[in-house]
Amino acid sequence: MARVMVLGGAGEMGSVAAADLRERSGHDVVVGDVREAGGGEWRRVDVDDPAGLRQAIDGFDVVLNCTLMRQNVGVTRAAIDAGVALVDLGSYWPETLEQLALHDDAVAAGARIVPGCGVAPGLTNVLARHGADHLDTVDAIRMYSYITHPMYTSPGIVVTRFDASVGTSLLLENGDLVEYPSFSGDEEIEFPEPYGRQHVHIVPHPEAVTLPRYIDVKDVIFKVGYPADENRRISVLLELGFDSDEPFEVNGVAVSPRLFAAAYIGSRGLEPGDRSANVKQVIVSGQRDGADAELVYDFAVEHEGASASSRITGTFAAICADLTARGGDPGVWPPEAAFDPDEVLTALADRGMPVHASGA
């Protein structure tokens, strides 16, 4: 049994992860959050206080970081300083590169760091690894996501939608990383019923950065799609500049448009009967036994009254934290390099979340 601290464990995804760890792993689980947790042991931890964070995680075997992605690099440094293992929900590619650059420091500290253990990045990486392991050579890994819950589900989702829709994204094309504007590259993808054909676009996910380090592949792409009304909301808010962090004054009070939008829009929440879905499709193309081959992995989770993303992300992160608690080499290892895909898929199936594979 390991001692596990779940940072942000009072939040939407962290609470799911903490509950899964308590119910299934037998580990000693403590929630670290500025908000008091609803059940189990809780300690007040502010991840924006580096000294306090370092002190709070000292003595734990594994830290599961379920806070906002902008805090991932700082938490990674704290875990390395404390010499403890760390799992987080993932960042976009610039922050992921910062974490990967800390590999040697993690090795020297004896700390095993596994970034990107949400559903994407996370499950997408594991499925890509599984597909690559079942082909002789890999040409392309294409990953698509369709998410139905709107940004007003929670403040954190407002921030995530903004971050996913601005700046520069990376795709791997013929072995080279190529920059594209985020929220561009519209494409129609056929997801399994009842989701059907949906529009998807480029987002700044890190899979194109991490997968080629462990899989010999020429092309890697990740795109995400939302319902049409959500795309309209995102486009209008971006056009009006609500993604800006630059404060403006309202009656003498400085207000950040982004923070205002997150707090105000995210305060609405879902109604008790509202259902949402998080759908993933990973396609691994290459050759096997001298012939072209393509493996397709489909996965979908639905949830009522809360985002489906919170359910699957928290659950997947808990599985990864449990596997990390069992040991492994120190260093910074994305999930495609850290875990046995079959072990992960078995754990998901045991929780009623099977992945459907075809072409195998």
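Select Asp48: this residue is partly exposed, with a relative accessible area of 48% (buried means under 20% relative accessible area, exposed over 50%, partly exposed in between, with a 1.4 Å probe and protein chains only). The model is predicted: local features need pLDDT of at least 70, side-chain atom pairs count only at pLDDT 80 or more, and totals for chains, interfaces and linings use all residues. Residues are numbered from 1 along each chain as its sequence is written, and side-chain values use heavy atoms, with hydrogens and water left out.

A salt bridge here is a side-chain nitrogen of Lys or Arg within 4 Å of a carboxyl oxygen of Asp or Glu. Arg70 sits in the loop between strand E4 (62-65) and helix H3 (72-82), and Asp48 in the loop between strand E3 (41-44) and helix H2 (50-57), so the pair ties together parts 22 residues apart in sequence. Helices (H or I, at least four residues) and strands (E, at least two) are DSSP runs numbered from the N terminus. Arg70 is exposed, at 59%.

Next, select Arg3 and Asp28, another salt-bridged pair (3.6 Å, N to O). Arg3 belongs to strand E1 (residues 3-7) and Asp28 to strand E2 (residues 28-33), so parts 25 residues apart in sequence are tied together. Arg3 is partly exposed at 28% relative accessibility, and Asp28 is partly exposed at 27%.

Move to Glu304 and Arg275, where the closest N and O atoms of the salt bridge are 3.3 Å apart.

Finally, select Arg161, Asp229, Glu230 and Arg233, which are linked in a network of salt bridges. The whole structure holds 22 salt bridges.
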